Amino acid sequence: MSIVDLTALQLGKEIQAGNLTAVDAAEAALEQIRRAEPQIGAFVTVDEEGVLKQARKVQKQIEAGELKGPLAGVPAAIKDNLCISGMRTTCSSRILSSFVPTYTAEAVRKLEKAGAVILGKTNMDEFAMGSTTETSAFGITRNPWNPDHVPGGSSGGSCAAVAANECFYALGSDTGGSIRQPSSFCGVTGIKPTYGTVSRYGLVAYGSSLDQIGPIAKNVSDCAAILETISAYDRKDSTSIRRDDTDFTSALTEDVRGLRIGIPRDYFGEGLDPEVRDSIMKAVKVLTDKGAVAEEFDLSLVEYAIPAYYVIASAEASSNLSRFDGVKYGYRAEHYEGLHDMYKKSRSEGFGPEVKRRIMLGSFVLSSGYYDAYYLKALRTKALIKAAFDKAFARFDVIAAPASPSTAPKIGESLKDPIQMYLGDIYTISVNLAGLPGMTVPCGLDSKGLPIGLQLIGDCFQEKKIIRAAYAYEQSREYQSPPMARKLSGESAAVSGGRCEKGADCQ
């Protein structure tokens, strides 16, 4: 077994035992990145010189007994909407193509404090707006299971990097399913915690009431350990919540006897691929065979989730992205006449089509005369959706559902019809509207050899229940990595000057 085939916790144990070093792990990850990037395109920026410097520093701390945690020395990747001091943070947008922050996101800082070695920044849909990682200004990311297919989005780069063994785990952000859906498409595990559990400080905002940072890894155990590391109250984030129950690794048990699982009929009707439905139901049967109790129920209001979500998310995006105007930082148009012309040209040239579409929609629903008709109505619908989940969780511990109506579509298919792409989020966005935790774990492959993901949804602050259910299911099957990850050639992508930048050195 190669070093890159190890899970994050397995590698951490080997490093603590002295069988491997943090430098060994970093070099193995960098070599895998060189091999994979020409085919996958998961990274926007790789700081090779900085990675090896970090690894040597961490190894000294491990040897001195200063770092004893399970993730010390383990290389990780970070979605490119999380700021890291001194490292380019672009949100995969032309408007931030040269932005280098002077501060680090709190979630990343916690990983660094635990001894993580940060490899670089992963590709994403521009400003996290998309479901396929095709709207990036730096090119598309491909699915390691089949490069003709998308990896999902917007955290597609992070999920593809984990699946392709380019990193041992990654951080993503989830506004409407952006961790759970690409995790499903790439055959990895991802968790979106309860809103407020992980600090959003340093996360470039898309929809502030919906965004949440979470881990992506090869299995449930890794995700639980990473989430435990990054979860904490942060006074720098006004939405951060004080919790004393973030010992998520304590939920790693196979005992699911008496666990009540709800299966929403609304999620298993028209539009769901039969192969996805069968895989989800087989996964539920594994849990019921272990003592869980499953029952179908009506969730209701599902058909209103997508319009409510896109009204709210677009409204918040139009407000959040107004700061990108070419004045203080980021891209500024070269030729303009006067201040207003500079605003207009900088934003027109700096933003891509999908971002412009959502800014315009958001500005429209917030405008005078339409605010009550659309935005306030969407907020009321959001409250009703939360009430429907509250009613469901009075009966059930966990809700089992698909993460997506189908497996990963081919590259180019979704962008032909943006509305159809939005409809693909039907099973994930309600979780964000209600602020709930959700998790995706691989549960099989379809007839094309593409992964299918089981989504497990819990009540607020009940991550342990979905981790428990996911872990119990996971013990029934081994983790499968894409054949590409195991058969990559030794051809290296060019890495020069200590920094590999997509669109420049990497490809």
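Predicted model: local features only at pLDDT ≥ 70, side-chain atom pairs only at ≥ 80, totals over all residues.
Most residues other than glycine have a negative phi, and most peptide bonds are trans.

Gly153 and Ser154 are joined by a cis peptide bond, with omega about 5 degrees. Ser154 lies in the loop between S3 and helix H5 (156-163).

Next, Asn165, which is found in the loop between H5 and S4. Its phi is positive, near 65 degrees, and the residue is not a glycine. Is Asn165 buried or exposed? Asn165 has a relative accessible area of 2%, and because the cut-off for buried is under 20%, it counts as buried.

Then Leu301, in the loop between strand S8 (293-297) and H9. Leu301 is also not a glycine and has a positive phi of about 65 degrees. Its relative accessibility is 22%, so Leu301 counts as partly exposed.

Now helix pairs. H2 covers residues 22-40 and H3 covers residues 48-63; they pack at an angle of about 160 degrees, with their axes 8 Å apart. The angle is over 145 degrees, so H2 is roughly antiparallel to H3. The crossing of H2 and H3 is right-handed. On the H2 side the contact is made by Ala22, Val23, Ala26, Glu27, Leu30 and Arg34; on the H3 side it is made by Glu48, Val51, Leu52, Ala55, Arg56, Val58 and Gln59. By class, that contact has eight nonpolar, one polar and four charged residues. As background for reading such lists, an α-helix has 3.6 residues a turn, so residues three or four places apart point the same way.

The second pair is H8, residues 274-289, with H15, residues 463-474. Their packing angle is about 95 degrees and their axes are 9 Å apart. That makes H8 roughly perpendicular to H15. Ala283, Val286 and Leu287 in H8 meet Ala469, Ala472 and Tyr473 in H15. This contact has six nonpolar residues, no polar and no charged ones.

On to the core. The largest nonpolar core has 149 residues, and those touching the most other members are Phe127, Tyr169, Leu171 and Phe389. Helix H9, residues 302-320, gives the largest share of this core, 11 residues. What does Phe127 contact beyond its neighbours within four places in sequence? The partners are Cys91, Ser93, Ile95, Leu96, Val204, Tyr206, Leu321, Phe324, Phe351 and Val355.

Last, Ser184, which is found in helix H6, residues 180-186. Ser184 is buried, at a relative accessible area of 5%. Not counting residues up to four places away in sequence, Ser184 touches Ala403, Thr440, Pro451, Ile452 and Gly453. For scale, Ser184 and Leu67 are 117 residues apart in sequence and 33 Å apart in space, C-alpha to C-alpha.

Key:
Residues numbered from 1 in each chain as written. Heavy atoms only, no water. Axes fitted to C-alpha atoms, helices over the stretch in contact; angles between N-to-C directions. Helix = DSSP H or I, 4+ residues; strand = E, 2+ residues; numbered from the N terminus. Parallel < 35°, antiparallel > 145°, perpendicular 65-115°, else oblique. Left-handed = near helix turned anticlockwise from the far one by under 90°. Contact = heavy atoms within 4.5 Å. Nonpolar A, V, L, I, M, F, W, Y, C, P; charged D, E, K, R; others polar. Core = buried A, V, L, I, M, F, W, Y, C linked by side-chain atoms within 4.5 Å. Buried < 20%, exposed > 50% of the residue type's maximum accessible area, 1.4 Å probe, protein only.
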